[in-house]
2 protein chains.
Amino acid sequence: MKIALAQLNYHIGNFSSNVQKIINSIQKAEQAGADLVVFAELAISGYPPRDFLEFDDFINRCNLALNEITSHCKRIGAIVGLPTFNQGKKGKPLYNSAAFIADGQVKKYIHKSLLPNYDIFDEYRYFEPNKTFEIIEFQDRKIALTICEDLWNVQDNPLYTVNPMDELMPMNPDLIINIAASPFNYHQIEIRTEILRRNAEKYKIPLFYVNHVGAQTELIFDGGSLVMSAKGQVVDELHYFEEDLKIFELDDICNPEDIKIKDNKPVIGMIHNALVMGIRNYFQKLGFQKAIIGLSGGIDSAMTAALAAEALGHENVYNILMPSEFSSEHSVNDAIKLAENLKMPYDVISIAEAYDTLENTLKPHFKNLPFNIAEENIQARIRGVLLMALSNKFGYILLNTSNKSEVAVGYSTLYGDMNGGLSVLGDVYKTQVFELAHYINREKEIIPFHIISKPPSAELRPNQKDTDSLPEYDILDEILYQYIENRLGPKEIIALGFDENLVKRILKLVNMSEYKRYQTPPILRVSSKAFGMGRRMPIVGKYLS
Amino acid sequence: MKIALAQLNYHIGNFSSNVQKIINSIQKAEQAGADLVVFAELAISGYPPRDFLEFDDFINRCNLALNEITSHCKRIGAIVGLPTFNQGKKGKPLYNSAAFIADGQVKKYIHKSLLPNYDIFDEYRYFEPNKTFEIIEFQDRKIALTICEDLWNVQDNPLYTVNPMDELMPMNPDLIINIAASPFNYHQIEIRTEILRRNAEKYKIPLFYVNHVGAQTELIFDGGSLVMSAKGQVVDELHYFEEDLKIFELDDICNPEDIKIKDNKPVIGMIHNALVMGIRNYFQKLGFQKAIIGLSGGIDSAMTAALAAEALGHENVYNILMPSEFSSEHSVNDAIKLAENLKMPYDVISIAEAYDTLENTLKPHFKNLPFNIAEENIQARIRGVLLMALSNKFGYILLNTSNKSEVAVGYSTLYGDMNGGLSVLGDVYKTQVFELAHYINREKEIIPFHIISKPPSAELRPNQKDTDSLPEYDILDEILYQYIENRLGPKEIIALGFDENLVKRILKLVNMSEYKRYQTPPILRVSSKAFGMGRRMPIVGKYLS
């Protein structure tokens with residue numbers, strides 16, 4: 001039996017596009033001799049459809065789309081994910097389902113049993129968990145058809161009290177097919193492969209795994225669909241960060257002669273590719289071509305521009321340099337050099353006059369109080385006004401340039417440099433931004449060396465340096481990582497050897513900045529714990545603050 | 001047996017404050033002769049603690065707080081809600097628990113069975129549902145101790161497949177105690193009472209219900225704790241929007257002679273009280289005293305200022321009038337009149353110079369393109385810069401003045417009039433804002449009549465009116481209500497008699513504004529479906545847009 005895995009870049013709610021992609025892959029698989037073609041979890045709706053699922057109209061459109069897809073499956077079997085109504089009288093109104101199509105009709109729906117409801121996942125918000133287990137039969141083979149999380153209960157302290165594969169094994173399946181929506185983070189490929197391996201090894205049957213590829217706002221799906229032998233060897237995998245379709249003969253996977261996958265994926269390269277896809281898909285799916293970026297001469301905006309140039313084409317990234325009286329000469333020169341290295345258009349717009357005027361306007365109301373954060377923020381906010389004015393006038397999307405370390409401690413100006421339609425680096429710690437810069441420069445100088453080597457500064461007052469108010473970034477980032485990604489409390493972090501006062505100060509800064517992060521643009525997620533939908537904190541909370 | 005219901009205003013994560021309030025109530029109840037004092041769900045942590053729950057350190061602090069509380073219960077029983085660790089090897093790491101304290105020790109933990117995971121609720125994100133049922137015994141009475149949602153499965157199409165009270169009834173409880181965290185919306189009091197009544201009627205035992213009171217960022221808890229007879233009569237209730245403690249003799253509730261509760265609660269008055277408490281608690285819990293508001297002369301900012309004056313004291317609401325060349329004379333006069341009516345401080349700051357300067361700065365880059373939305377937004381954003389500068393300089397919180405109709409269709413400027421630490425009216429449709437104005441003016445003219453009677457305008461270009469680009473608000477709000485609150489699709493709304501093109505245009509506006517709402521301040525929630533944590537939509541989604 002020949003099984004095709006179709007790894008596609010869906011667009012949430014864009015039924016015409018999703019259906020067309022699915023039908024194209026059905027035809028391609030059929031022409032290449034496949035018996036069965038497998039699509040991802042909730043392929044028809046795109047993932048995550050979020051509260052669109054609360055509209056009956058949306059579910060009905062998913063069902064209409066399935067009808068159209070089914071009509072193209074006269075000579076090939078197909079498995080495709082979509083939300084369906086729970087016909088029972090009790091429980092949540094929907095199931096997260098896989099439709100099994102053969103002979104031009106839907107033969108069976110298999111519903112998801114284990115519903116992830118942590119981090120960025122909210123599936124129990126919509127779906128009733130399946131509690132009755134059955135396998136599907138196709139061309140004399142028995143298939144354990146599972147949906148993503150259904151295979152993720154093989155840990156020592158399982159999150160769920162049921163294990164779907166344990167329920168299915170008594171029916172003697174010949175293989176596992178898992179349709180998934182498993183978003184990227186830089187630990188995820190390793191974890192995902194390990195989880196699939198444990199399943200193959202435990203149940204001793206081969207495994208076919210189909211994931212999404214492409215970005216949906218902040219979530220980036222890396223693809224990496226794969227086939228695994230009953231011994232847990234990854235026999236082959238589909239591309240990362242690209243649509244792909246591959247066909248496998250089941251018997252070859254049962255008895256693999258040739259294991260194609262050996263290499264490790266370098267973390268920083270994967271982050272780079274994820275961010276490029278994240279930018280590109282955000283623009284494509286919203287129907288925009290051009291980005292505007294405020295280029296400060298610092299590493300964060302330089303990195304954002306370099307990634308945008310790769311994602312959108314260098315001619316589509318418009319850079320604005322907005323020096324103030326506190327900007328150093330090298331900042332302007334460094335920024336121009338970057339723009340020239342990447343052949344990106346740029347303009348220099350001084351904020352001096354606007355700043356003077358606003359200072360004058362506010363003078364009678366500021367009561368001769370000394371220069372402080374208010375004046376610093378005015379500079380950042382004038383830049384925000386200028387960038388948004390150009391964005392509105394010409395239809396650019398403003399890209400936000402804050403990194404994760406800044407976003408964490410609130411080292412940024414709300415309605416100023418926090419502006420943007422999308423935050424490119426908001427899940428990338430400052431130390432990782434430097435790593436990314438070296439990666440981008442791996443063949444030649446793209447990010448000017450001076451941008452990488454000089455001490456970071458916001459340049460909002462004379463001779464300002466980030467280290468005036470923050471520790472060195474390698475220390476800051478380690479404390480933040482322990483708190484944010486690992487969710488250690490103050491005692492536990494101090495026990496790792498960090499200074500008690502520093503730890504308490506940093507954790508307090510993080511928790512007191514929650515009100516700012518509430519209004520942050522969506523942040524491309526590359527870590528296991530990104531700010532945004534995956535980290536939900538109270539604003540008026542008083543914990544550690 | 002005398003049971004005290006303690007309805008308190010907790011502060012999320014502020015253990016010292018929460019514990020002190022609880023101990024004070026224990027002492028007060030004890031002095032008044034109560035045998036048992038009952039506190040709300042997750043009283044120790046405050047509700048909702050959100051991802052604070054993912055920190056072991058946070059759970060440990062809850063447990064320490066419980067120890068301290070327990071040490072004060074030598075002569076009185078107590079029931080208090082807190083999160084506890086799941087000691088089992090399977091399932092989510094926590095339970096949502098009620099500790100039953102007697103004789104100075106925790107006698108038993110009862111865990112919540114039904115975990116709401118819809119709208120603003122995320123409980124399945126953290127908690128394992130309880131599956132074993134037991135009652136507690138105290139002074140020869142058997143108590144069915146349940147936690148909030150545990151009683152909410154009495155509908156015809158129940159959301160959960162288990163009903164805790166059905167499991168508890170075979171143990172012959174004498175009464176139900178329900179500890180809750182049930183936030184306000186203007187339908188909720190009616191629904192909540194009806195749900196409780198169905199329980200009392202079905203199980204034929206009296207019911208003691210304790211809710212939270214007070215606001216936690218966007219969520220407002222109205223209190224309204226109550227005692228209900230076995231026949232489903234509300235025998236008495238605690239105050240709304242205030243802390244309260246009342247003591248009831250169980251036998252009196254079993255055989256009530258006197259039913260104290262008869263009156264209906266007027267919806268608009270409840271919304272008013274909710275918003276005032278929402279503002280007041282946001283400031284108190286963040287440690288701020290003063291608000292700043294941009295007063296346009298329109299009804300939304302006038303209403304925001306009036307509510308803030310009530311919440312914070314008129315002297316603590318600083319109003320800034322920022323006329324532009326498009327502002328009408330009456331706007332300034334109306335705004336001044338409002339400030340004078342309420343004795344609020346105000347200043348007039350012209351944006352003309354700042355606008356001219358920014359226009360000049362941008363002129364070489366705007367390529368002689370005609371005046372459009374870009375210039376309109378510059379005005380709104382200059383106002384945003386001025387308000388935030390004063391906020392930063394003096395430590396005011398900027399209050400956002402957008403109403404729900406505007407927020408829905410995106411009729412507002414990101415980083416301009418969308419700025420603010422808290423949105424007061426973002427869950428109040430424009431037509432409801434007018435109702436609120438009449439309510440506030442019920443005894444005398446506070447909101448100047450001319451502000452109510454004139455046609456709404458953003459005044460960002462000559463002779464602009466809201467109706468230039470939007471339908472009349474009574475039509476707009478009805479379509480929005482059907483779409484947002486009732487989640488009807490376009491076909492269903494058109495079937496109600498609305499124009500097809502209009503419906504499609506409005507729904508498209510709503511869905512295309514998702515990127516703006518992502519960066520909106522937290523919105524005080526008064527409806528059954530508010531923008532914010534209760535409505536989660538994809539930004540790159542293409543549904544209806």
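Student: Which domains does the domain assignment give for chain A?

Tutor: This is a predicted model. In chain A, the assignment places residues 2-263 in one domain and residues 271-466 in another. These are called domain 1 (2-263) and domain 2 (271-466).

Student: How many residues of domain 1 of chain A are in contact with domain 2 of chain A?

Tutor: The C-alpha centres of the two domains of chain A lie 40 Å apart. On the domain 2 side, eight residues take part in the contact. On the domain 1 side, the number is 10.

Student: Which strands of chain A each supply at least two residues of the side of domain 1 that touches domain 2?

Tutor: By class, that side of domain 1 of chain A has six nonpolar, three polar and one charged residues. The strands that each supply at least two of its residues are S10 (213-216) and S11 (219-222).

Student: What span should helix H7 of chain A have?

Tutor: Helix H7 of chain A covers residues 299-312, which makes 14 residues. The expected span is 1.5 Å times one less than that number.

Student: Is H7(A) mostly covered or mostly uncovered, and how many of its residues are buried?

Tutor: A residue is buried if 20 or more other C-beta atoms lie within 10 Å of its own. H7(A) is mostly covered, and the buried residues number 13 of 14.

Student: Why does Gln284(B) count as partly exposed?

Tutor: Gln284(B) sits in helix H6 (residues 267-286) of chain B. Partly exposed lies between exposed, at 12 or fewer neighbours, and buried, at 20 or more. Gln284(B) counts as partly exposed because its C-beta neighbours inside 10 Å number 17.

Key
Residues numbered from 1 in each chain as written. Chains lettered and ligands numbered in written order. Predicted model: local features only at pLDDT ≥ 70, side-chain atom pairs only at ≥ 80, totals over all residues. Domains from an automatic or database assignment. Contact = placed C-beta atoms within 7 Å. Helix = DSSP H or I, 4+ residues; strand = E, 2+ residues; numbered from the N terminus. Nonpolar A, V, L, I, M, F, W, Y, C, P; charged D, E, K, R; others polar.
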